[in-house]
Structures are given as structure tokens and as C-alpha cells.
Amino acid sequence: VSTQSTWDKMALMNANCLVFLFLFCWCFGSETEYIIDLDLPPLLRYAEILHAYKSTVLEAHAAIMETVPQSTKVFLEKVYTSVTMVVYKDYAQEIKGIAKILNVKEQDIFIINCLYEMRAMCTSIVAKDNRGKILLGRNLDFGFQQIFRRLHVGIIYQKGGKPLFKCGGMAGFIGEVTCMRLNGYAVSLNLRRMSSEIDTFKAFMLGHPPVTWMIRDILTTAQSYQEALSLFARMKSVSGGYITLAGILPNEGAILTRDRAGAIDIRFLNNTNWFISQCNGDHWNAHDERTVKAKEYTEKIGQEKISLERMKYDVLFNPPLMQGSTIVTILMSPVENIMDMFLAKESDLPKPKSLSDIQPLLHLSLIHISEPTRRYAISYAVFCLKKKTQQ
């Protein structure tokens, strides 16, 4: 099949899909919407997005790659060649297509896609209103926020000319962290820190997928909340995570705490617990400010008045849930097929309360910075300061 005929086919499928899009009630704000046609050859699926965002994607990739230790690069390059290209052929072909458009190494695209899911710090809340409608809201927080706000797009995955699910995605990445299946369920992924990078590497070598790829696989196959819940509970992945699910029936809401082998804990909505929140901590140990405030803000609204609007303005738009690294706020109601996305604006993000909050720092001078404690995405360094001598 020629390239031209393939593009003609894609244009025709996109035109046919417009009829079905009226089933959705998307609200993009200033965001652009793209269609990923799963019937197209994987090499061509992301071409439209990549051509539109090429320069920004290259800027983001360069910034991220500078932070990746050489040892990690070498290992993930081996994983891509020996495992991903064999076990996940479709995803490998998508990566190859992206690399060709960007004129970079396939291995680098794979590395960046792997690290993407390991650096997000997020808030997710699933709630049931007094009529039994299930709502899911989330803030996506990530480093390099100035770049990634420019990369966030609405993506509709379609098959057979019909939309399957919609995601709040990033141009240049093939995994997904926030999605809704048409007439089925919504899902969001929060990062869960895992104690051993070595075990993560072993999971890669065993052929387990990144969590963001697992989400795409489940959304493609599972039509209902119960099917998705079962798969998220038992499927293996290279790292853990917190999966928040919202369905279309009363009490179809849950948050799963996962390790690499599957769910180790599941909390469900029920007649007593009308909402559950998640802020990157195991709930049996989480006492940080974000966790406390998420619960406090939601309880203050109450089940009688909870709505997507109240969740947005009275919970997710407030610090510390809204912070300087917030990329986007996404609100979903699966029973209504509503998915609203609101890109964070610099002017709306928390700032220091006053100059006096940071004034003490003006009397200190830096005398030493230690080496990082380890060569991974999260490391620690010691900053030694001393008082400035008064002149």
C-alpha cells in the first residue's frame, strides 16, 4: 500500500469518526484534539501530532535526556533491542515512527517514554454524588512543566472508524496516564515510588510493560469497569502505581495500590465512603499535606453538593494540590461521557506569600554542594550554607 493511499485512508476514517464524536462531551479549552487510528500501521499513527509539535517535543526530549544517567541509558537501550522489539512489536513500531519523524534514535524515544511515568507526582479523587453518579478528578504534576504544558493534547483512540477511548496525552509519548473509555469507565495513574531499581530492571527483562502501556492495552480491550478492575488488579508491569477507576454505576469507584505483580490493596466506594483520594502515598502511611488537604477540601463540599465544578474550583485548583509543577487538571464523568481538561496557567499557580517568606535566604551564601547520593531519577544532595558577613 502506498504512503499516499494510507494517508487517504486515514483522512476518510477521521471524517467517518466525526459522526461518532457527537457521543462525547469533550471540553478542551485551548487544547488541540488529535485522533490516533489503531487500524493504521503503527509507523504512521503519531505522524499528525509529531509534525505539529516537532520542535517542542525535541526541546522536551533534550531536557529529559540530560537528566538520565549513562548507566540507565545503556540498560534501557538493551531492553529495547532485546525485549521490546520482540514482545511489544506494535509499540516498538510506533516508537520507530516517532524516531523517524524527529530524526533521533529509537532507543532514545523508548528511554524517554519509560522515564515519563516514573516522574509524575499527582492527585486523583474519585467520588459519588448523592444520586450515585461517579466523578473522577485529577491534577497531573510533572517536572519541566513549562515545556510539558505546551505538549499536552487531547487524543482520541479509534478502531473500525469508531472512538474507543479519550486521553489527556503528551505529544511524543505513546503511553497514557489519564483516559476515559466511551460508555465504560475513567482511569488515572499516580506515581508510586518503588524501593528497588534493580527489580524494575528485572521486570523489564522479563517482558513486563510500562504501566502507561498497560493502561492503553486495558482501555483497548476492556469494555466495562468490572473488566478493567480485574485486569488492573492482576496484570504485571515494570513498576508500581496507583490506579484510580470510575465507572458508570453507583459504587463503581476504586483506587488500587499496585506493585509490579498487581494490586496489593484496593479501596472501594460504598455507602459509607462516598469519596477516595490519592496523592502518591500508600494510604496506610500517608499523612502529608496534600493527602490531608485533599480529604479536607472534599469533605467540606459534602456528598450533597459534590460536582465536577466543585471538585475543580474547591479542591483541585487549591494549593497544595495545585502547585508550580501542575500541568493540567482533568475532570471526568463516565456515565455522561464528559472529559474536561484545563491547562494550568502560570498566573494561577501558587507563589510565595510575600518577600518575607524568602527573605532569610538573602543572608546566606552557598559554600558547598555534595555529589548526588545515587545516579537515578530521584537523588539527594547536601547544600552547605553559612551566614553572610555583614559589610
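Start by selecting helix 11 (residues 308-316), where the buried residues are Leu308, Met311, Lys312, Val315 and Leu316. Look down the axis of helix 11: the buried residues fall within an arc of 120°, so they line one face of the helix. That arc is taken from the directions from the helix axis to the C-beta atoms. Buried means under 20% relative accessible area, exposed over 50%, and partly exposed in between, with a 1.4 Å probe and protein chains only. Helices (H or I, at least four residues) and strands (E, at least two) are DSSP runs, numbered from the N terminus.

The model is predicted: local features need pLDDT of at least 70, side-chain atom pairs count only at pLDDT 80 or more, and totals for chains, interfaces and linings use all residues. Residues are numbered from 1 along each chain as its sequence is written, and side-chain values use heavy atoms, with hydrogens and water left out.

Next, show what the buried residues of helix 11 pack against: strand 3 (121-128), strand 4 (134-141), helix 10 (289-301), strand 13 (326-333) and strand 14 (338-343). Contact here means heavy atoms within 4.5 Å.

Now turn to the cysteines. How many disulfides does a search of the whole structure find? The search finds one, a disulfide being a pair of cysteine sulfur atoms within 2.5 Å. Select Cys167 and Cys179, which form a disulfide with their sulfur atoms 2.2 Å apart. The link of Cys167 and Cys179 is right-handed, with 105° about the S-S bond. Cys167 lies in strand 6 (residues 162-170) and Cys179 in strand 7 (residues 178-181), so the pair ties together parts that are 12 residues apart in sequence. Cys167 is buried, at a relative accessible area of 0%, and Cys179 also counts as buried, at 0% relative accessibility.

Then select Cys122, which is in no disulfide; the nearest cysteine sulfur, that of Cys279, is 9.7 Å away. Cys122 is buried, with a relative accessible area of 0%. Move on to Cys279: this residue is in no disulfide either, and the nearest cysteine sulfur is that of Cys122, 9.7 Å away. Cys279 is buried, with a relative accessible area of 4%.

The last stop is Glu94, in helix 4 (residues 89-102). Is Glu94 buried or exposed? Glu94 is buried, with a relative accessible area of 1%. Display its neighbours: not counting residues up to four places away in sequence, Glu94 touches Pro42, Arg45, Tyr46, Ile174 and Arg216.
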